[in-house]
Amino acid sequence: MKAIGVTREGDEPQLLDVERPEPSEGEALVRTLRVGVDGTDHEVIAGSHGGFPEGEDHMVLGHEAVGVVEDPNGTGMDPGQVVVPTVRRKPDGKTNEYFRRGEPDMAPEGEYVERGIVGGHGYMAEFFTSPADYLVPIDEDIAEYGLFVEPISITEKANEHAFATREPFEWRPESACVLGNGSLGLLTLWMLQQKFDRTYCVGRRDRPDPTIDIIDELGSTYVDSRQTTVDEIPDAHESIDYVYEATGFAPHVIETVHALAPNGVGALLGIPEPWDFEIDGGTLHNEIVLHNKCLIGTVNSHIKHFEYAVETLEDMPEWLLDDLITTVATPEDVAPAFDDDNDQIKAVVEFDSL
């Protein structure tokens with residue numbers, strides 16, 4: 001069958017001919033409809049993140065997928081059911097405490113496999129198999145947008161954990177800022193607008209630009225970090241109650257602390273490479289302690305966050321989802337899906353339709 005992947009010898013995604021998978025007991029066979037491409041895929045291709053399945057000379061890419069159950073294989077699922085797969089799986093098929101308690105997203109490195117990222121083949125193929133427990137049903141009406149469930153689930157988890165840190169006291173947040181105007185940042189921006197009175201989105205692009213057009217259409221304020229750094233936002237606009245960092249730009253961690261309002265919280269999702277720079281550690285420490293500020297790190301998500309994400313996706317305006325998808329490529333001509341220029345927001349590889 002057709003699949004898009006990388007080999008140990010190559011540094012570009014390519015069309016591969018691989019065997020169609022056979023579902024094991026407890027697994028369903030899924031026919032792939034669409035798979036999204038995101039920054040993690042580019043990091044995997046570049047070799048800066050993730051790793052190949054053990055003993056394999058290639059890895060199938062893709063972790064943002066939507067498909068249709070082709071063969072339930074005794075799992076109790078319905079043929080034709082549209083589903084979205086989660087990403088993490090047990091390492092070497094062996095369970096551990098994180099999987100036993102239903103929290104694989106909280107497992108540390110080495111205690112999981114991530115399909116299409118580290119140690120496991122992804123979903124960018126005509127078919128894939130998955131345990132039924134890791135398949136989340138969605139309605140046919142939103143099938144073409146189902147690839148957004150995975151990134152939305154990442155934000156569902158980040159928001160859940162960030163807001164949980166403020167539960168011990170009466171927190172009345174009014175402002176939120178998203179660092180990063182990629183597809184994840186723009187999805188998150190819409191989500192935060194449902195919770196906050198005022199929202200900002202930080203990027204490094206010049207007008208005219210399709211992402212800034214979306215920010216404007218959403219009624220949010222665009223902040224060009226080349227002109228106003230994150231820690232300068234309080235002076236230029238206001239202090240921020242909730243900062244959502246999705247850039248992987250390491251200085252943003254420090255800048256976030258200074259941008260936060262008293263009692264504010266910052267959620268960190270970007271994954272930077274090693275980066276040495278000087279900071280005023282004493283001032284940073286004082287800011288966090290004297291103003292009850294909080295930083296949390298969060299990665300991945302699990303079933304409940306995917307289920308929340310399905311509900312969120314159903315509420316999102318269709319114009320936003322359409323504007324986010326800037327490229328729909330085929331497996332035979334996949335290169336446009338991996339173009340990384342300013343006109344690209346969300347690229348999709350389409351294998352089939354309902």
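Predicted model: local features only at pLDDT ≥ 70, side-chain atom pairs only at ≥ 80, totals over all residues.
Q: How many residues of helix 7 are buried?
A: 7 of the 9 residues in helix 7 (residues 251–259) are buried, so the rest of the structure largely encloses this helix.

Q: Which ones?
A: The buried residues of helix 7 are P251, H252, I254, E255, T256, V257 and A259.

Q: Switching to helix 3 and helix 4: at what angle do they cross?
A: Roughly 50°, with the axes of helix 3 (residues 149–164) and helix 4 (residues 183–193) coming within 10 Å. The two helices are therefore oblique to each other.

Q: Is that crossing left-handed or right-handed?
A: The crossing of helix 3 and helix 4 is right-handed.

Q: Which residues meet there?
A: From helix 3, P151, I152, T155, E156 and N159; from helix 4, L184, L187, T188, M191 and L192. By class, this contact of helix 3 with helix 4 has 6 nonpolar, 3 polar and 1 charged residues.

Q: And helix 4 with helix 5, how do the axes sit?
A: The axes of helix 4 and helix 5 (residues 210–218) cross at roughly 5° and come within 11 Å. Helix 4 and helix 5 are therefore roughly parallel to each other.

Q: What makes that contact?
A: Helix 4 supplies L186, L189, W190 and Q193, and helix 5 supplies T211, I214, I215 and L218. In the contact of helix 4 with helix 5, 6 residues are nonpolar, 2 are polar and none is charged.

Q: On to the largest nonpolar core. Which residues touch the most other members?
A: F148, Y242 and L313, out of 52 residues in that core. Helix 4 contributes the largest share, 6 residues.

Q: What does L313 touch?
A: Leaving out residues up to four places away in sequence, L313 touches I142, Y145, G146, F148, V149, I152 and L321.

Q: How many residues are in the other core?
A: That core lies apart from the largest one and has 36 residues, among them I45, A65, A329 and F338.

Conventions
Residues numbered from 1 in each chain as written. Heavy atoms only, no water. Axes fitted to C-alpha atoms, helices over the stretch in contact; angles between N-to-C directions. Helix = DSSP H or I, 4+ residues; strand = E, 2+ residues; numbered from the N terminus. Parallel < 35°, antiparallel > 145°, perpendicular 65-115°, else oblique. Left-handed = near helix turned anticlockwise from the far one by under 90°. Contact = heavy atoms within 4.5 Å. Nonpolar A, V, L, I, M, F, W, Y, C, P; charged D, E, K, R; others polar. Core = buried A, V, L, I, M, F, W, Y, C linked by side-chain atoms within 4.5 Å. Buried < 20%, exposed > 50% of the residue type's maximum accessible area, 1.4 Å probe, protein only.
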